[in-house]
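This report describes a few local features of one protein model, for a reader who has the sequence and the coordinates at hand.

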Amino acid sequence: MDAGKPRASVRRNLTAELVAHVERFEPDPGPEPGTFEHTPAEFEAMAADLLRQYSPQDLWVFAYGSLIWNPEFEFDERRSATAYGWHRSFCLTLTRWRGTRELPALMLALDRGGSCQGVAFRLPAQDHFRQIALLLAREIDANPPTNIARWITVKTESGPLRALAFVATRDGKAYAGKLPMDQVAQVLARAAGHWGSAAQYLFRTVTMLREQGIRDRNMNRIESLVAEEIEASLLAAKNP
């Protein structure tokens, strides 16, 4: 072998066993100073505003992360879909849920540029206002929010759809921007909150992406780096 030739990196899969080593639950610190929890009335006002912007006959929701593996809503149809002009990115900082003030986590959002393969869900044809309000309550935590709901166009094999999606607003307090993958991996391998670990969030997401036949090279690379981080920490613990 040519000594001057760099070795190819070995891709590692994140496993349930590796995640179990870093899985933990921390006390909920509550809203960060300067932010507040939304009230039900505020979520209803957001839902009404979204329906004023666009009142669909069929309500579609575009999922790219946890909504794929844990939608928490009923749906009548699911289609593979691609959002152009947006990409899946760990660009939101979390200081609760799967992180803490001392060790913040990162969460996926749609950020500008590129494209994102995901899943479009068609919700039941009933009370779109209430369904949207419940979805907002699940996805939007901080007030003012950094992840916001908006209508986007996604493409499917059956044609384009107008769907509701959650995207990052770059002037939001929790917007982390484009971070190096090794930095993202270091965060995801260590952070946890009262909903569990960031590694568990990543593991569930990449597992479901594969089950849906969705290929995402960046997610695969981050998964491999997180697996390396956890393996290195386990080795260091055995050999202090």
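Predicted model: local features only at pLDDT ≥ 70, side-chain atom pairs only at ≥ 80, totals over all residues.

Residues are numbered from 1 along each chain as its sequence is written, and side-chain values use heavy atoms, with hydrogens and water left out.

**Helix packing**

Helices (H or I, at least four residues) and strands (E, at least two) are DSSP runs, numbered from the N terminus. Axes are lines fitted to C-alpha atoms, for helices over the stretch in contact, and the angles between N-to-C directions run from 0 to 180 degrees. Two helix pairs are set out in the table.

| Helix pair | Angle | Axis separation |
|---|---|---|
| α2 (residues 40-53) and α4 (residues 128-139) | about 125° | 8 Å |
| α5 (residues 181-188) and α7 (residues 217-238) | roughly 55° | within 8 Å |

On the scale used here, angles under 35 degrees count as roughly parallel, over 145 as roughly antiparallel, 65 to 115 as roughly perpendicular and the rest as oblique. Helices α2 and α4 are therefore oblique to each other, and their crossing is right-handed, a crossing being left-handed if the near helix is turned anticlockwise from the far one by less than a right angle, and right-handed if clockwise. The contact (heavy atoms within 4.5 Å) involves F43, E44, M46, A47, A48, L50 and L51 on the α2 side, and H128, F129, R130, I132, A133, L136 and A137 on the α4 side. By class, these residues comprise 11 nonpolar, 1 polar and 2 charged, where Ala, Val, Leu, Ile, Met, Phe, Trp, Tyr, Cys and Pro count as nonpolar, Asp, Glu, Lys and Arg as charged, and the others, Gly among them, as polar.

For the second pair, α5 is oblique to α7, and α5 passes α7 in a right-handed crossing. Here M181, D182, V184, A185, Q186 and L188 of α5 meet N218, R221, I222, L225, V226 and E229 of α7, and this contact divides into 7 nonpolar, 2 polar and 3 charged residues.

**Cysteines**

How many disulfides does the model hold? With a disulfide taken as a pair of cysteine sulfur atoms within 2.5 Å, the count is 0. The sulfur of C91 has its closest cysteine sulfur, that of C116, 11 Å away, which is too far for a bond. C91 is buried, at a relative accessible area of 0%, and C116 is likewise buried, at 1%; buried means under 20% relative accessible area, exposed over 50%, and partly exposed in between (1.4 Å probe, protein chains only).

**Backbone geometry and a strand residue**

Most residues other than glycine have a negative phi, and most peptide bonds are trans. In this model, E72 has a positive phi of about 60° although it is not a glycine; E72 lies in the loop between α3 (66-69) and β2 (77-94) and is exposed, with 59% relative accessibility. D127, also not a glycine, has a positive phi near 45° and sits in the loop between β3 (105-122) and α4. The peptide bond from N143 to P144 is cis, with omega near 10°, and P144 belongs to the loop between α4 and β4 (147-156).

S89, in strand β2, is buried, with a relative accessible area of 12%. Apart from its neighbours within four places in sequence, S89 is in contact with M107, L108, A109 and D111.
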